[in-house]
Amino acid sequence: MRMEYYLEVYEPDESGAVAASYQSSSPFMALTIGEAIHGGCLNFSSINKTVRIKDIQHIIWEIEGSHTAHKICIYTEPLK
């Protein structure tokens, strides 16, 4: 069964506001708490300031007869 990969980055301290969203047919690189994400790649954010990863959550689900999906949720804080 094929896999689809999703990456969502949330606005600093606002888990309901998506700052960036990407979809891929291949896995995303490993991300680590404490790493910085350049503001220019936050494709839904109007702020475009660099943020720091404060938490990471993985969600995996299967769509029967279609594919398995893996979403990485990146929670951020302002870069100090």
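User: Where in the chain is the place of Ser-45?

Analyst: This is a predicted model, in which local features need pLDDT of at least 70, side-chain atom pairs count only at pLDDT 80 or more, and totals for chains, interfaces and linings use all residues. Residues are numbered from 1 along each chain as its sequence is written, and side-chain values use heavy atoms, with hydrogens and water left out. Helices (H or I, at least four residues) and strands (E, at least two) are DSSP runs, numbered from the N terminus. Ser-45 is in the loop between strand E3 (36–37) and strand E4 (51–63).

User: Is Ser-45 buried or exposed?

Analyst: The terms rest on relative accessible area: buried means under 20%, exposed over 50%, and partly exposed in between (1.4 Å probe, protein chains only). Ser-45 has a relative accessibility of 10%, so the residue counts as buried.

User: With which side chain does the side chain of Ser-45 make a polar contact?

Analyst: Contact means heavy atoms within 4.5 Å. Leaving aside neighbours within four places in sequence, Ser-45 is in contact with Glu-11 and Ala-19. A polar contact is a pair of N or O atoms within 3.5 Å; within protein, one must be able to donate a hydrogen and the other to accept it, and residues adjacent in sequence count only if both atoms are side-chain atoms. At 3.1 Å, the side chain of Ser-45 makes such a contact with the side chain of Glu-11.

User: What is the length of the polar contact between the side chains of Gln-23 and Glu-4?

Analyst: Gln-23 is in strand E2 (residues 18–24). Beyond the neighbours within four places in sequence, Gln-23 is in contact with Glu-4, Tyr-5, Tyr-6 and Phe-28. Tyr-6 is 17 residues away in sequence, yet its C-alpha is 4.5 Å from that of Gln-23. The side chains of Gln-23 and Glu-4 are joined by a polar contact of 3.3 Å.

User: Is Gln-23 buried or exposed?

Analyst: The relative accessible area of Gln-23 is 55%. Because that is over 50%, Gln-23 is exposed.

User: How many disulfides does a search of the whole structure find?

Analyst: A disulfide is a covalent bond between the sulfur atoms of two cysteines; here it is a pair of cysteine sulfur atoms within 2.5 Å. The sulfur of Cys-41 is 16 Å from the closest cysteine sulfur, in Cys-73, which is too far for a bond. Over the whole structure, the number of disulfides found is zero.

User: What is the relative accessibility of Cys-73?

Analyst: Cys-41 is partly exposed, with a relative accessible area of 33%. Cys-73, in contrast, counts as buried, and its relative accessibility is 2%.

User: Which residue forms a salt bridge with Glu-4?

Analyst: A salt bridge is a side-chain nitrogen of Lys or Arg within 4 Å of a carboxyl oxygen of Asp or Glu, and a search of the whole structure finds three. Glu-4 is buried at 15% relative accessible area. In its bridge, the closest N and O atoms are 2.9 Å apart, and the partner is Arg-2.

User: How many residues apart are Glu-8 and Lys-71?

Analyst: The side chains of Glu-8 and Lys-71 meet in a salt bridge of 3.6 Å, N to O. This pair links distant parts of the chain: Glu-8 is in strand E1 (residues 2–10) and Lys-71 in strand E5 (residues 67–78), a separation of 63 residues.

User: Which parts of the chain does the Lys-54 and Asp-13 pair tie together?

Analyst: The side chains of Lys-54 and Asp-13 meet in a salt bridge of 2.8 Å, N to O. Lys-54 is partly exposed at 36% relative accessible area, while Asp-13 counts as exposed at 53%. The pair ties together parts 41 residues apart in sequence, because Lys-54 lies in strand E4 and Asp-13 in the loop between E1 and E2.

User: What is the phi of Asp-13?

Analyst: Most residues other than glycine have a negative phi. Asp-13 is not a glycine, yet its phi is positive, at about 55°.
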